[in-house]
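Q: Could you take me through one part of this model slowly? I'd like to see how the chains meet each other.

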Number of protein chains: 4
Amino acid sequence: HQGLNIIKNDEYVDPENGTFFTRTEAEGPLVDCEFIESEVKKVLSENSFVKCTVPQKKKIILMGTKDYHCYTDILTRNHFNQLDADILCAISNRDSLREITERYGVPYSFISTKDLKREDHEAKVAEVIDQFEFDYIVLAKYMRILTPSFVEKYHGKIINIHHSFLPAFIGANPYRQAYERGVKIIGATAHFVNNELDQGPIIEQGVMRIGHQHNVKQMAAAGKEVERDVLAKALKMVFNDRVLLNGNKTVVF
Amino acid sequence: HQGLNIIKNDEYVDPENGTFFTRTEAEGPLVDCEFIESEVKKVLSENSFVKCTVPQKKKIILMGTKDYHCYTDILTRNHFNQLDADILCAISNRDSLREITERYGVPYSFISTKDLKREDHEAKVAEVIDQFEFDYIVLAKYMRILTPSFVEKYHGKIINIHHSFLPAFIGANPYRQAYERGVKIIGATAHFVNNELDQGPIIEQGVMRIGHQHNVKQMAAAGKEVERDVLAKALKMVFNDRVLLNGNKTVVF
Amino acid sequence: HQGLNIIKNDEYVDPENGTFFTRTEAEGPLVDCEFIESEVKKVLSENSFVKCTVPQKKKIILMGTKDYHCYTDILTRNHFNQLDADILCAISNRDSLREITERYGVPYSFISTKDLKREDHEAKVAEVIDQFEFDYIVLAKYMRILTPSFVEKYHGKIINIHHSFLPAFIGANPYRQAYERGVKIIGATAHFVNNELDQGPIIEQGVMRIGHQHNVKQMAAAGKEVERDVLAKALKMVFNDRVLLNGNKTVVF
Amino acid sequence: HQGLNIIKNDEYVDPENGTFFTRTEAEGPLVDCEFIESEVKKVLSENSFVKCTVPQKKKIILMGTKDYHCYTDILTRNHFNQLDADILCAISNRDSLREITERYGVPYSFISTKDLKREDHEAKVAEVIDQFEFDYIVLAKYMRILTPSFVEKYHGKIINIHHSFLPAFIGANPYRQAYERGVKIIGATAHFVNNELDQGPIIEQGVMRIGHQHNVKQMAAAGKEVERDVLAKALKMVFNDRVLLNGNKTVVF
């Protein structure tokens, strides 16, 4: 069709709900996505969802608090055109990442939580976000829990990195929890955010071995490397349109 | 002292409870362990625990149900003198592992659960166990939950392999739970058994990557390889006296 | 076609030689493979290779020397019907694996190398092999180099496990080589055998971390676990018809 | 002694050359290193090497060519005081990393190779280096082979990251070599540089799985993540005085 050359084709049928997922990557002359979508829909059942996209950089909002490892990894990849995304702006509830952000030429909004109720703080954050047309909000160790209404407003667009191998160690201080439990492996999880804490669809996970000799601080330091790698891998997959949602799970082609 | 040559020396101080752990491995002429223990105790604080052991094969009771992968791995290593243990007998709540067990010349007790209350079944199991002087009971996918009184009776001597990356997916059907949650990595955990389900001190853990395309059955099949490897590693460490208990955690030297 | 339901479909185009590989797994009523092959060929270019197979246990010859770990793993999986293969017979240049082999009811041919030239020994081995219609010869740590004529005779049918992360440490004593070089990771490689030592198409590889404290013997002991796992994974893929040859490389679907 | 509290103590005896290595980490009031060294030497054999160091940031020269991933990772860690080192200056044979380097406030010397013999180029590089008192030269994907005399001049001080799992794929284009060989795992190696290409003492290695579907470019892109992680781990160990040389191997405590 239309002189397209198929590069990669993946398929998956969920055996439990019978849903069929497929993704075809093709190269060729500029395509008319609407035409392709309508043609493909004709041969599929009525309630099928078809989307044709031309690869292009996603537009993202970067949110952080004070940890620099995931945050600057994203800034750096963006700077060297390896992120498959453009960072529209960065938002933080602290001011400590301002300097590094501005060195990379990215606008930085510090929105203090001081004297603000959670909803009011989020309203200010949303005000900044809503100035942009964006594809994803990336929480690069943004250390505040979001309210249901905020999550609802940006449903399916918020990606978080959690510093544990979910579903182990949900919530606060996962490295402290891991230390107390005496696990021999720690991990990190990149996931879409939904309204149950750390329960959204998992995109990617990674792990590393630790031992009795790691205290909480050493575990946290070591874990940062995994967090950064897992978030980077997840973003790459999402920004390349390789992640499909299947209920509360993901299909990663 | 006594012409011993130190091969390996490990130390660890738990920063939270101040306990000092050390393990020294030495070779030399036959030692008088009681003498060494009393000499070492002299230089330590009063409530120190000192144990000197001469490396020798541990004596174990092997328990299984129907899964063969961990169970026969232990039988095979034992047969080729690579287990650092002697299997005194095997006990099962099914009869399906009898043939393979007897091929390896290990006595096999099938203790049916039919028409028996849990306590009564366990009493029969204990009756077999108590015929032996043993060091450890190894649950090689023994698929019954043990009562507190059974666990108490053999406190610190029961080693289990759980088919998840604890503390994720405690209890029944961890692969089903993992599938439902959509994790990208599964694992297995070898631990000492205590009276909280799957909460005992962790000895070793292992993981493997999976993807959306793994259904529960494929996950379980793939996971068996990790279960077997993790249990084997844990047993090696325990049987070589390299695992020390630190509250509900282990120090593995 | 023919009421088949496609379960899995994989495709790959080698960008360097332009070869297109595809594998479709389908379930349905008993199929006429010849018919399917001729139908599929009609729509493909003339020099295409099409093969339709009904999943069935492969028939294998197991060869070993004295190491038991890969060898008995295969015997055990076979015994519990988890190998996707039937072992027709076992052949060894030593007699030490006879007992375990016969416990599993597999015929064992000990073919001594004593006073025999390499060619004459291989002729005797081939004599045993040629009594059987078989699919693959599995070298489960068979510690003799095969002559080109032997390899040629069974071209594409011999699978070997090499105890290094190829192409590192080709040839004899890879763990000694690894020790001398001071590597921090060791590995194992399952590959088809061709006429260049340890140069055949790689099917699967695995690794494990080691450290300065591992001597050659400890490295070899630890490495056995990887060897066994890698060979098992490779055999599973091959026996399920998921491994295609692409020159000196494999496509594993 | 001197009121020091031992935090970590490690020992290793090389069984082949009989050398005993030990490292003790202690905390306490400011120590007199010369006194400690002379005291420790008294109880050791004459040709022992004893070194007492107070933890302090190492001083490093950073060298790169055009790849940013290892290079900016080091700049970033340095900026956030997580490198355990201070970057004295950056030197490159290209000008493309100037902008990012200067954003981080690190002086950048571009030394073109244009119209220069290798020795002459190196002389100019050495001229910059020799303006500084430094501990290590870090080659963060510096893509030029150094001459023996340059390596000799800075013996034991040059750390390199090689983009293969050494000793596999020595020299140029390791990902191309890996692709041609059809390996299923790729890796990276951080090592001290000596006068045999990619043969110096290995500090750290890492790997990642790939498959037939990775072309050379994708392999190289994926491998960058491993390169960066391996170099970062190696530098952390070296900068914390945890890496001892044992002939052409390292002891990493």
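To start with, how many residue pairs are in polar contact between chain A and chain B, counting pairs with both at pLDDT 80 or more?

A: Keep in mind that this is a predicted model. Between chain A and chain B, 22 residue pairs are in polar contact, with both partners at pLDDT 80 or more. On the chain A side, the elements that give two or more residues are α6 (174-181), β9 (202-209) and β11 (249-252). Strand β9(A) gives the most to that side, with seven residues. Sorted by class, the side of chain A that touches chain B has 16 nonpolar, ten polar and ten charged residues.

Now step back to the whole A–B interface. Here 36 residues of chain A are in contact with 36 residues of chain B. The residues of chain A that lose the most area to chain B are A:Arg181, A:Lys184 and A:His212, which together make up 24% of what that side buries. The two chains bury about 3,100 Å² between them, and 53% of that is on carbon and sulfur atoms.

Some charged residues pair up across this interface, where the rule finds four salt bridges. Look for A:Arg209 and B:Glu204, which form a salt bridge with their closest N and O atoms 2.8 Å apart.

How are the two copies arranged? Chain A superposes on chain B by a rotation of 180 degrees with 0.0 Å of shift along the axis, at an RMSD of 0.0 Å. The two copies are thus related as by a two-fold rotation axis. If you want to find that axis in the model, go to A:Ala168: of the residues of chain A, its C-alpha comes closest to the axis, at 2.3 Å.

In one of them, B:Arg77 joins C:Glu225, with the closest N and O atoms 2.7 Å apart.

In chain A, A:Arg77 forms one with A:Asp73, the closest N and O atoms being 2.9 Å apart. The two are four residues apart in helix α2 (residues 69-79) of chain A, so about one helical turn separates them. Both A:Arg77 and A:Asp73 are buried.

Helix α7 of chain B holds another pair, B:Glu225 and B:Arg228, three residues apart, or about one turn of the helix. Their side chains meet in a salt bridge at 3.4 Å, N to O. B:Glu225 is partly exposed, with a relative accessible area of 25%, whereas B:Arg228 counts as buried at 5% relative accessibility.

Over in chain C, C:Arg103 forms a salt bridge with C:Glu99, and their closest N and O atoms are 2.4 Å apart. These two lie four residues apart in helix α3 (residues 98-103) of chain C, again about one helical turn. C:Arg103 counts as partly exposed at 23% relative accessibility, and C:Glu99 counts as partly exposed at 46%. Elsewhere, salt bridges that share partners form a network whose members include A:Asp73, A:Arg77, D:Glu225 and D:Arg228. Over all chains, the count comes to 86 salt bridges.

Definitions and conventions: Residues are numbered from 1 along each chain as its sequence is written. Chains are lettered from A and ligands numbered from 1 in the order in which they are written. This is a predicted model: local features need pLDDT of at least 70, side-chain atom pairs count only at pLDDT 80 or more; totals for chains, interfaces and linings use all residues. Side-chain values use heavy atoms; hydrogens and water are left out. Contact means heavy atoms within 4.5 Å. Buried area is the accessible area (1.4 Å probe) that two parts lose on being put together, summed over both. A polar contact is a pair of N or O atoms within 3.5 Å; within protein, one must be able to donate a hydrogen and the other to accept it, and residues adjacent in sequence count only if both atoms are side-chain atoms. Ala, Val, Leu, Ile, Met, Phe, Trp, Tyr, Cys and Pro count as nonpolar, Asp, Glu, Lys and Arg as charged, and the others, Gly among them, as polar. Copies are superposed by least squares on the C-alpha atoms of residues with pLDDT of at least 70 in both. Buried means under 20% relative accessible area, exposed over 50%, partly exposed in between (1.4 Å probe, protein chains only).
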